[in-house]
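I opened this model to see how the chain is laid out. I went from the whole chain down to single residues.

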Amino acid sequence: MNNNNIEWTKLAEVNSFQDNPQQLLKIKRDDILVIKDEEKFYAINNRCPHLGLALNVGGCDMKNKTVHCKFHSSDFSFETGEAKEWLNVKGFEKFMMWLFTKFDPDAKKMMTMEPKPVETFHTKVEDDHVWVGIDNSA
Ligand code: FES
């Protein structure tokens, strides 16, 4: 990785995470979910890699270090972005998804997508602020 290609943005005061350890912040047009876990900060794209819906509404599991997408029950590591669970819907929701996929080819495509990781970003603390770095070399 060439650090010269990382564009850093100063986002929020470190102290602001004391009462609010998960914050939705903006870099240009992207919503970035910044998560404080003990003394470390993690930053991920708030768009679920499945259908682009908001991840912050599903909450974080700090023990497993994952963020939950409530729309189709997927879990992503906020450390690495890896999909730990993918489209893990159950019960009535699972039945409804099965039904939709029978009649709608687009729904079938959406519900049979291969797992994708969520986008992760670099973080650093400087000047009492959390900074998020986006690697522009990709
Ligand atoms: S939009 Fe997140 S799992 Fe479907």
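My entries follow, from the overall layout to single residues.

**Whole chain**

I am working with a predicted model. In sequence order the pattern reads β-β-β-β-β-β-β-β-α-α-β-β. I then took the extent of the C-alpha trace, which is about 55 × 35 × 25 Å along the principal axes. The chain has 138 residues, and 20% of them count as buried. I also checked contacts between residues at least 6 apart in sequence: 46% of these join residues at least 24 apart.

**The four-stranded sheet**

I traced an open sheet of four strands in the order β5-β6-β7-β8, with antiparallel pairing. Its edge strands are β5 and β8, each pairing on one side only.

I went through the pairs next. Strand β6 covers residues 66-69 and strand β7 covers residues 74-77; four bridges link them in the antiparallel sense. Val67 has Phe76 as its bridge partner in β7. His68 is bridged to Asp75 of β7. I looked at the turn too: β6 and β7 make a hairpin with four residues between them, and Ser73 in that turn has a positive phi of about 55°.

**The core**

Which residues touch the most other members of the largest nonpolar core? I found Leu33, Val34, Ala43, Ile44, Val67 and Phe78, out of 21 residues in that core. β3 (30-37), β4 (40-45), β6 and β10 (129-135) each supply at least two of its residues. In soluble globular proteins, nonpolar side chains tend to be buried together.

Beyond its neighbours within four places in sequence, Val34 is in contact with Leu11, Ala12, Gln23, Leu25, Phe41, Ala43, Val130 and Val132.

**Helix α1**

I checked the length of α1. The helix has 13 residues and reaches 19 Å from first C-alpha to last, close to the expected 18 Å. I then counted its buried residues and got zero, so α1 is hardly covered.

**Two loop residues**

Trp86 lies in the loop between β8 (83-85) and α1 (91-103). A buried residue would need 20 or more. Setting aside neighbours within four places in sequence, I found Trp86 in contact with Ser74 and Pro115. I also took its distance to Val67, 19 residues away along the chain: the C-alpha atoms are separated by 12 Å.

Asn64 is in the loop between β5 (60-61) and β6. Why does Asn64 count as partly exposed? Because Asn64 has 13 C-beta neighbours inside 10 Å, and a residue with 12 or fewer would be exposed. I also looked at Asn64 and Gly91, which are 27 residues apart in sequence. Their C-alpha atoms are 24 Å apart in space.

Terms used. Residues numbered from 1 in each chain as written. Predicted model: local features only at pLDDT ≥ 70, side-chain atom pairs only at ≥ 80, totals over all residues. Contact = placed C-beta atoms within 7 Å. Pairing = 2+ DSSP bridges. Core = buried A, V, L, I, M, F, W, Y, C linked by C-beta atoms within 7 Å. Expected span 1.5 Å × (residues − 1).
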